[in-house]
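The following dialogue shows how computed features of a protein model may be read. Please consult the sequence and the structure before going on.

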Amino acid sequence: MQEKIINLHQSILDHLICDLAKDKYSATDRDKFHSVVLSVREHLVERWINTQQTYYNVDAKRIYYLSLEFLMGRLLRNYVLNIGFSDEYKQAVEDVFGMAYEDLVEQEWDAGLGNGGLGRLAACFLDSMATLQYPGYGYGIRYEYGIFSQKIKDGYQVESPDNWLRYGNSWEFPRPELLYPVRFYGRVNTISGGDNRFRMEWVDSDIVMAMAYDYPVPGFRNGTVNTLRLWAAKSTREFNLGYFNSGDYVKAVEDKNNSENISKVLYPNDHSLAGRELRLRQQYFFVSATISDILRRYKKFHKNYHEFPEKVVMQLNDTHPSIAIAELMRVLVDEENIPWADAWKITQNTFAYTNHTVLPEALETWSEGLFAHLLPRHLQIIREIDRRFLIQVGERFPDRPEQKEKMAIITGYGEQCVHMARLAVVGSHAVNGVSRLHTEILKDTVFQSFYVMTPEKFHNVTNGITPRRWLLHANPGLSGLITEAIGEGWQKELEQLRRLEPLADDSGFRSRFSSIKRNNKDALKAYLNRNTRITFSPEFLLDCQAKRLHEYKRQVLNLLHVITMYNRIREGRVEGLFTPRTVLFSGKSAPGYFICKLIIKLIHNIGAVIAADPVVGKVLEVVFVPNYGVTIAQRIMPAAELSEQISTAGYEASGTGNMKFTLNGALTIGTLDGANVEIREEVGKENFFLFGLTEEEIMQKRSSYQPRYYYETNAELRQAVDQISAGYFSRDNPPLFHPIVNSLLENDRFFVLADYSSYIRCQEEVSAAYQDTERWTKMAILNVARAGKFSSDRSIHEYAVKIWDASSVPL
């Protein structure tokens, strides 16, 4: 080991001097970080090249994971962990720079190339594909600015750019030789050929170039290094000298700026026509470049497309990349001159579609007019796909003409709409949900007619998380205790955690488990105090709801419980049931989501009122941790004791935050929604705090639901809602929170008031359980021990067997 550390000393110093032109005396902390990253790259590159060459040598079937989001988090600690050099680099950094390794890793920017669970799932899946040695590639966009950086001013969310590339990125490898033209606009000509055949030619289009940037993705201690390839938009016309010489300096670079806007920012606001057009341009930009790249790789060793589905599978991570189906058809039919029927068979057998939502507004529809303007040839192709598919629908349902409207890809009268989720279902050989409940909802409601027509397409693959980042990396105290107890095997086979079950009855193990949890709470307090000046009481129950803001995730229900606790304490009605607690919120609201931004303000105002109360403030705290992301999640989850998974039943497709909290020993209070159902089955109903209406009960109640009934018949609920309405938490502006109150009383789309009473009773059970320290700790240990199902390794293996028909490639 000592010789290895000495070699790392030299490697780090060589990169500092030769690549950054600094010595250890002039180097900034960021220079030191970059020199360490460059050193780590040395250990990745040879394995990376060897991995890719092996895939060619065995002619492996390759898995292409298309996603608009990849929320990778900081990479240094994770990659050093995966190559097995953690102790060596920790010592080398201390020796060379005289600084703590933990301080050095804080220099890495937490790139926000995702909005939440979708992007983080994609990152976990890349880790698992490399660890299980599947030939996997991630494809996405190299956004110049990721999800916004969230700041809080006077309790309000304020967005600022996430300029993650400001200081460069030593992990990425620019590939200027991999440059593909991507076309937009123009018109389509029909060109006649022999034998009464004709072909279509897309002409007079604007061209934007897509340039590749590669990131290595190492597996866990196995020599495999896969690839994440992100595309950046580059103009074909960098600079117009004529405009410049005439004095029009803005016009001189206008083409460049317009072209490169495509990869400028994650999820542009689509409330305007220009925003919607930019969003569709982003989606087509990255799938066009990706398909060009996939075909280039395939054609190196294959003369025709007969084997294409046997060598290529493209997994669509949600609906955003579904335009890829029309793009592959365009290339096969227009450029490769493959007959339509053959091209369609190739396309269907190549694509698979993962749906991540049941919310209608998230299933993506585009106006036919926008499609005709931006992608005229693709609209023609989608129309033809739709025409042929509806013939099949008519044959399958001859006595039910209404099925055509339910299943058509293009619908409406006048201004018609293109349904991208339906295109994804029709154009794929497999469709999967991401939890058992979610998959059943897809089959029973969202895609019910499609399921009846082609039931063999539909599968379930419950989501998972990588235990390397979310336990081994994020929670070294607990992972060390586990390894000491059962060995290292769990790091690759998470089901081995079951061997911890007997230790839940061991008082010594429980004591050490509790000490680690308290240490994690102390560490979180220190981190927040240092970085945000937020503080809390580690001796209180730490009750966490950390996720993006959305009405169906019901942060308001949590707040109603907080207000109820506040009122009970002030009025002396807590008796022996109350446990002092810190209620921690963290998450971002979409910039245009008015209600959710107002909920963030309400969280802060309630927290301020509680903190100012000399009685309540001693036993109850509300804190909001700003700028939630992967790095902050890795701090919160090991410290959390109660995980709030309280979404309206039937709305959360799966959730992965619930799995991360469970794996780190937090108990869950939740509804039977998403993966909560399976978590409860695994950990045992006695170790899960269940409340609320089921998805079936909500469906039954929806048509006759009267939220005011619950408001009028529950005194504590009425008191809490009235306080919000009357300005108790906004004395300077009493009507401030009226939109929240009105949404609850007039509509309550997500059944907050209906679930209030059940939620309050369940929280009383939580308080009682927490007062029995030994019982609580045993429950927490059993949650960890029974979390093995929720590894992304298990998810990826199921995809490989059920959907991809892919094999691992050992090196």
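**Cores, cavities and rings**

Q: Which residues does phenylalanine 285 touch, not counting residues up to four places away in sequence?
A: A contact means heavy atoms within 4.5 Å. Leaving out residues up to four places away in sequence, phenylalanine 285 touches Ile141, Val182, Phe184, Val208, Met209, Ala210, Trp231, Ala232, Ala233 and Ile262. The model is predicted: local features need pLDDT of at least 70, side-chain atom pairs count only at pLDDT 80 or more, and totals for chains, interfaces and linings use all residues. Residues are numbered from 1 along each chain as its sequence is written, and side-chain values use heavy atoms, with hydrogens and water left out.

Q: How many residues has the largest nonpolar core, and which have the most contacts inside it?
A: A nonpolar core is a set of buried Ala, Val, Leu, Ile, Met, Phe, Trp, Tyr and Cys residues joined through side-chain atoms within 4.5 Å. Buried means under 20% relative accessible area, exposed over 50%, and partly exposed in between, with a 1.4 Å probe and protein chains only. Here the largest core has 155 residues, and those with the most contacts inside it are Leu76, Phe184, Phe285, Phe308, Met314, Phe371 and Trp804. Helix α10 (residues 273-299) gives the largest share of this core, ten residues; helices (H or I, at least four residues) and strands (E, at least two) are DSSP runs, numbered from the N terminus. Another core, of 119 residues, lies apart from it and includes Leu81, Ile606, Leu642 and Tyr711.

Q: Where is leucine 375 found, and what does it touch?
A: Leucine 375 is in the loop between α14 (368-374) and α15 (376-396). It counts as buried because its relative accessibility is 0%. Not counting residues up to four places away in sequence, leucine 375 touches Arg183, Phe184, Trp202, Tyr284, Ile323 and Leu370. Leucine 375 and tryptophan 202 are 173 residues apart in sequence, and 9.4 Å apart in space, C-alpha to C-alpha.

Q: Is threonine 662 buried or exposed?
A: Threonine 662 counts as buried because its relative accessibility is 2%. Helix α26 (residues 657-663) holds threonine 662. Its contacts, not counting residues up to four places away in sequence, are Thr668, Ile679, Val683, Asn783, Val784 and Ala787.

Q: How many cavities of 30 Å³ or more does a search of the whole structure find?
A: On a 1 Å grid over the protein atoms alone, a cavity is a set of points where a 1.4 Å probe fits but cannot get out; a pocket is an open set with protein on both sides within 12 Å along at least five of seven lines, and lining residues have an atom within 4 Å of a point. Grid points are joined across faces, edges and corners, and a volume is the space filled by probe spheres set on the points. The search finds six such cavities. Among the 23 residues that line the largest cavity, Glu108, Trp109, Trp164, Asn169 and Trp171 are the closest to its centre. Helix α2 gives the largest share of this lining, four residues.

Q: What is the make-up of the lining of the largest cavity by class?
A: Ala, Val, Leu, Ile, Met, Phe, Trp, Tyr, Cys and Pro count as nonpolar, Asp, Glu, Lys and Arg as charged, and the others, Gly among them, as polar. The lining of the largest cavity has 15 nonpolar, six polar and two charged residues.

Q: What volume has the second largest pocket, and which residues lie nearest its centre?
A: The second largest pocket contains about 1100 Å³ of space. Its lining has 38 residues, of which Arg77, Glu102, Leu472, His473 and Pro476 lie nearest the centre. By class, this lining divides into eleven nonpolar, 13 polar and 14 charged residues.

Q: How many aromatic pairs are counted?
A: A pair of aromatic rings is described by the distance of the centres and the angle of the planes. Rings of Phe, Tyr and Trp (its six-membered ring) pair if their centres lie within 6.5 Å; planes under 30 degrees apart count as stacked, over 60 as edge-to-face and the rest as tilted. The count comes to 33 aromatic pairs. One of them, phenylalanine 689 with tryptophan 776, is stacked, at 6.0 Å centre to centre and 25° between the planes. Phenylalanine 689 lies in strand β22 (residues 689-690) and tryptophan 776 in helix α33 (residues 773-785), so this pair ties together parts that are 87 residues apart in sequence. Both residues, phenylalanine 689 and tryptophan 776, are buried.
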